[in-house]
Each structure stands twice: as structure tokens, then as C-alpha cells.
Amino acid sequence: MRSGLFAGSRNPIFLGMIVTMAGMLLALPNAFTLLIFFLGFVLMQIQVRLKEEFLSRAHGAEYDEFCSYVGRWL
């Protein structure tokens with residue numbers, strides 16, 4: 001996949017969620033939005049790593065090659 005959403009990020013949906021949470025934190029800077037951002041970020045890191053491990057096992061060298069030229073986030 002060298003075009004489309006996945007050409008720039010292996011996880012464009014999660015990246016969008018992180019940007020949205022960061023925007024919410026900037027718009028409403030308080031302890032609650034900081035907690036939401038932190039927990040959301042940690043949980044997404046876990047989910048992304050599990051997903052990438054599964055995809056690597058399922059698709060082997062082809063997925064590993066894709067990972068070598070497309071970053072996890074950008």
C-alpha cells in the first residue's frame with residue numbers, strides 16, 4: 001500500500017483519535033481531559049502493538065516490509 005491513508009501511517013484512525021484527544025486537552029485543559037488523553041494514549045499503544053503482532057504473524061514478510069517503509073504513527 002503506497003497510496004491512500006495507509007501510505008503515511010500504519011494506524012491513521014488511532015492517529016486521528018490521538019489528535020482529537022490532544023485538541024480536547026488544549027481546548028479544555030483540566031485534570032479530567034489530561035486523564036482521558038493519558039489513558040486513551042496508553043490503551044491505543046497496547047491495542048496497536050497487539051494488532052501489529054497479529055498482522056505480522058498473519059501476513060509475514062509482506063507486512064514486515066510494509067512496516068519498514070511506513071511509520072507506526074507518521
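**Exercise 1.** Is Ser-9 buried or exposed, and what is its relative accessible area?

*Solution.* The model is predicted, with local features needing pLDDT of at least 70 and side-chain atom pairs pLDDT 80 or more, while totals for chains, interfaces and linings use all residues. Residues are numbered from 1 along each chain as its sequence is written, and side-chain values use heavy atoms, without hydrogens and water.

Step 1. Ser-9 lies in the segment before H1; helices are DSSP runs of H or I with at least four residues, numbered from the N terminus.

Step 2. The relative accessible area of Ser-9 is 3%. Buried means under 20% (1.4 Å probe, protein chains only), so Ser-9 is buried.

**Exercise 2.** Find which backbone atoms the side chain of Ser-9 reaches.

*Solution.* Step 1. The side chain of Ser-9 reaches the backbone oxygen of Trp-73 at 2.7 Å.

Step 2. The backbone nitrogen of Asn-11 is reached by the Ser-9 side chain at 3.1 Å.

Step 3. Beyond four places in sequence, Ser-9 also touches residues including Leu-15 and Trp-73, where contact means heavy atoms within 4.5 Å.

**Exercise 3.** Identify the residues of the largest nonpolar core and the element that gives the most to it.

*Solution.* Step 1. A nonpolar core joins buried Ala, Val, Leu, Ile, Met, Phe, Trp, Tyr and Cys residues through side-chain atoms within 4.5 Å.

Step 2. The largest one has seven residues: Phe-14, Leu-15, Ile-18, Met-21, Met-44, Val-48 and Trp-73.

Step 3. H1 gives the most to this core, with four residues.

Step 4. The buried residues of H1 pack against helix H2 (31-59).

How values were computed:
Helices (H or I, at least four residues) and strands (E, at least two) are DSSP runs, numbered from the N terminus. Buried means under 20% relative accessible area, exposed over 50%, partly exposed in between (1.4 Å probe, protein chains only). A polar contact is a pair of N or O atoms within 3.5 Å; within protein, one must be able to donate a hydrogen and the other to accept it, and residues adjacent in sequence count only if both atoms are side-chain atoms.
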